[in-house]
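I opened the model to look up a few things about its packing and its backbone. My entries follow in the order in which I made them.

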Amino acid sequence: MTKNIVKLAALPSVFGLVALSMSVKDAEKPSQNSTEGLELFYTVPQVDETETVELDHSLNINLATTGKSFTGFKEALGFKESQNDYKRINQLGYLGKYQFGRSTLLLLGITDTDAFLNDPVLQEKAFIANASRNKWVLRKDIKRFSGKVINGVKVTESGILAAAHLAGPGSVKSYLRSGGVEGFKDAFGTSIYSYIKKFGGYDVSFIVPDRNAKVNLEK
């Protein structure tokens, strides 16, 4: 999900982080852990943190009843992105309930953005496929860091996946493996830290890691 971002590290740091992204054990099995061809660094544009939004009463009820389920995770993240508006296009051109960039949609096998905007089912499929790709990239980091505390926040699988939706799995790897030193903020100032904190503790076991996940366009 490509957009303007504010990096907290200079270019040399980025190259250093690439080196960190593979442990010695990983290096012994490069074919199993390769992320070649995957979009690892991207962002999803957020509603400005300073914007005041009046919650719809029915939405409040929905979020309250879904709790920490996978549905609760999707609805909470969707509300953060777009107030759960399937037809929203933000000022930077990001689309739908989950504010996907066009390049990410292409990666998932979606080429018709008009059809995408008008098809809630397709948007939900795209969210799951993208989460599956991110979970595959981050599977070892989920195992390694879940339950640990970084920058005062307990790391959970759902927090990691939410942060990957915001910043891309590559940025999340960098954040986790640097102990929270290598941060990230999008154009609105939203950070990996804030997403790990805000979306922690949801049940995302429904998401199956899949390196090549794409959307099934058949109804």
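**Entry 1: contacts and core**

I began with Leu176 and, setting aside neighbours within four places in sequence, found it in contact with Asp141, Phe145, Ile150, Val155, Ile160 and Ile196. Contact here means heavy atoms within 4.5 Å. I note that this is a predicted model, in which local features need pLDDT of at least 70 and side-chain atom pairs count only at pLDDT 80 or more, while totals for chains, interfaces and linings use all residues. Residues are numbered from 1 along each chain as its sequence is written, and side-chain values use heavy atoms, with hydrogens and water left out.

Next I looked up the largest nonpolar core, which has 42 residues. Such a core is a set of buried Ala, Val, Leu, Ile, Met, Phe, Trp, Tyr and Cys residues joined through side-chain atoms within 4.5 Å; buried means under 20% relative accessible area, with a 1.4 Å probe and protein chains only. Phe73, Phe116, Val172, Leu176, Ile196 and Phe199 touch the most other members. Helices H5 (70–82), H7 (113–117), H8, H9 (139–145), H10, H11 (169–177) and H12 (192–198) each supply at least two residues of this core. H10 gives the most, with seven residues.

**Entry 2: H8 against H10**

I then checked how H8 (residues 120–137) packs on H10 (residues 157–167): the angle is about 110° and the axes are 10 Å apart. The axes are lines fitted to C-alpha atoms over the stretch in contact, and angles run from 0 to 180 degrees between N-to-C directions. H8 and H10 are therefore roughly perpendicular to each other, a term for angles of 65 to 115 degrees. On the H8 side the contact is made by Phe127, Asn130, Ala131, Asn134 and Lys135, and on the H10 side by Glu157, Leu161, Ala164 and His165.

**Entry 3: positive phi**

Which residues other than glycine did I find with positive phi? Asn84 has a phi of about 55°, and Gln99 has one near 55°. Asn84 lies in the loop between H5 and H6 (102–107), and Gln99 lies in the loop between H5 and H6 as well. At 15% relative accessibility, Asn84 counts as buried. Gln99 is buried too, with a relative accessible area of 1%.

**Entry 4: whole chain**

Last, I counted twelve helices and four strands in the protein chain, taken as DSSP runs (helices H or I, at least four residues; strands E, at least two) numbered from the N terminus. Buried residues make up 49% of the 219 residues.

Notes: Angles under 35 degrees count as roughly parallel, over 145 as roughly antiparallel, 65 to 115 as roughly perpendicular and the rest as oblique. Buried means under 20% relative accessible area, exposed over 50%, partly exposed in between (1.4 Å probe, protein chains only).
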